[in-house]
Amino acid sequence: MIQRIRQGVVYAFCMVVAAVSLGAVFNIARPGGIPFIGDWSPKAVTQTHAGDLELIAIDEAFGLFAKENALFVDAREPGDFAGGHIPGSVNIPAEKAAEHLEEVRAMLKTGKTVIAYCYDVHCPLGADLVKDLMSRGVGPVKVMPEGWLGWMDRGYPYE
Amino acid sequence: MSEREHSLERIIRSRFFQTLLAAARMALGAMFVYAGVTKIIDPAGFAMSVYNYHLLPGWLVNITAIMLPWVEVAAGTSLVLGLWTQGGALITAGLLLVFTLALGFNLSRGLDIACGCFSTSASGEPITWWYLLRDSSLLGASLLVLFYEQGFLSLEHMVLTLRRRSQ
């Protein structure tokens with residue numbers, strides 16, 4: 001048994017070295033390769049999620065909220081929404097955009113800024129929701145990347 | 001050798017058990033080759049998946065996404081062919097152990113690995129439990145192959161037999 005594992009370790013080591021080298025060479029040579037060290041900072045992640053979508057910083061969003069000039073859309077799952085959300089926000093899970101078009105249109109008609117959010121900067125659902133809405137001709141809805149966690153961290157009100 | 005060890009040894013060496021192990025080895029290998037190739041095709045997408053586990057520091061995410069699929073393909077090929085089988089089985093066992101732990105850890109802290117979101121409903125997703133069950137069964141299969149496989153229907157065994165015959 002020990003002999004088998006020992007042999008396995010030697011084989012495995014050689015295979016991993018070969019595979020890793022091949023992977024590196026292939027990544028350099030291929031079209032569509034990715035950088036070896038990627039940028040996964042909050043800013044870069046937001047860029048990946050939201051692309052060209054219009055963003056709104058959390059403090060600016062709060063400013064509008066305080067003046068009752070903002071309406072929020074919570075793109076998380078209903079269970080998370082039920083656990084707490086920005087006051088007055090409407091829950092539209094990202095994959096259910098199509099079922100809520102009229103609701104969003106009504107929000108836009110008020111003339112207030114409509115803002116979508118998810119859990120935190122790592123969560124793509126807010127951006128996904130806005131992309132889906134826009135592809136159906138409903139907008140503009142802004143994305144607040146800092147999300148629910150950012151809102152809580154700043155001690156802003158919630159319900 | 002005691003009577004009991006002797007009969008266990010006989011079961012392990014039986015043609016039936018060795019055929020089962022050979023089938024498990026090839027199926028496991030095919031799965032790893034397939035999984036690896038789909039990730040190699042879309043490195044950016046796989047990097048996003050690695051990132052969504054929120055376990056690795058940012059600088060390790062892309063390197064992992066670039067290298068890991070090739071290790072999977074190498075281990076999978078080794079198992080399908082039955083070449084350096086113990087090495088392939090050791091790698092798949094190690095990877096599956098890491099995958100299972102990562103999945104279980106994220107399940108316990110409520111991280112939905114599909115989108116990388118913390119969610120109270122993540123643990124309610126049956127798919128995550130299915131992955132956990134799948135990975136731990138495959139881990140079991142890898143260990144059986146590592147410990148008990150005797151080279152039935154393997155390239156290594158065929159080459160050895162041919163060489164012996166020609167001598």
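These legends go with close-up views of a predicted two-chain model.

A note on reading them: residues count from 1 along each chain as its sequence is written, and chains are lettered from A with ligands numbered from 1, both in the order written. Because the model is predicted, local features need pLDDT of at least 70 and side-chain atom pairs count only at pLDDT 80 or more, while totals for chains, interfaces and linings use all residues.

**View 1. Chain A splits into two domains.** Domain 1 of chain A covers 1–38 and domain 2 covers 42–153, with bounds from an automatic or database domain assignment. Taken over C-alpha atoms, their centres sit 42 Å apart.

**View 2. Here is the side of chain B that touches chain A.** Contact here means C-beta atoms, placed from the backbone, within 7 Å; on that count 34 residues of chain B meet 34 residues of chain A. The elements giving two or more residues to this side of chain B are H3 (43–52), H4 (58–81), H5 (85–108), S2 (117–118) and H6 (126–148). Helices (H or I, at least four residues) and strands (E, at least two) are DSSP runs, numbered from the N terminus. H4(B) gives the most, with 14 residues. By type, this side of chain B has 24 nonpolar residues, 10 polar and no charged; Ala, Val, Leu, Ile, Met, Phe, Trp, Tyr, Cys and Pro count as nonpolar, Asp, Glu, Lys and Arg as charged, and the others, Gly among them, as polar.

**View 3. The largest nonpolar core draws on both chains.** A core is a set of buried Ala, Val, Leu, Ile, Met, Phe, Trp, Tyr and Cys residues joined through C-beta atoms within 7 Å. Buried means 20 or more other C-beta atoms within 10 Å of a residue's own, exposed 12 or fewer, and partly exposed in between, with C-beta atoms placed from the backbone. This core has 38 residues, and those with the most contacts inside it include Met15(A), Ala47(B) and Val71(B). Leaving out residues up to four places away in sequence, Val71(B) touches Val16(A), Ala19(A), Val20(A) and Ile91(B). A second, separate core of 36 residues includes Ala70(A), Ile92(A), Val141(A) and Phe118(B).

**View 4. Chain A has an open four-stranded sheet with parallel pairing.** Its order is S2-S1-S3-S4, and strands pair if DSSP finds at least two bridges between them. S2 (90–91) and S4 (142–144) of chain A stand at the edges with a single partner strand each, so one side of each has no neighbour in the sheet. S1 (70–74) and S3 (113–117) of chain A pair over five bridges, while S1(A) and S2(A) pair over two. Leu71(A) has Val114(A) as its bridge partner in S3(A). Asp74(A) stands opposite Tyr117(A) in S3(A) and has Asn91(A) as its bridge partner in S2(A).

**View 5. S1(A) is covered on both faces.** Ala70(A), Phe72(A) and Asp74(A) are buried on one side, Leu71(A) and Val73(A) on the other. H3 (58–66) of chain A lies across S1, S3 and S4 of chain A, at about 125° to S1(A); axes are lines fitted to C-alpha atoms, for helices over the stretch in contact, and angles run from 0 to 180 degrees between N-to-C directions.

**View 6. H6 (125–135) of chain A is largely enclosed by the rest of the structure.** Eight of its 11 residues are buried, among them Leu125(A), Asp128(A) and Lys131(A). Just after H6(A), Gly137(A) takes a positive phi of about 80°.

Key:
Two residues are in contact if their C-beta atoms, placed from the backbone, lie within 7 Å.
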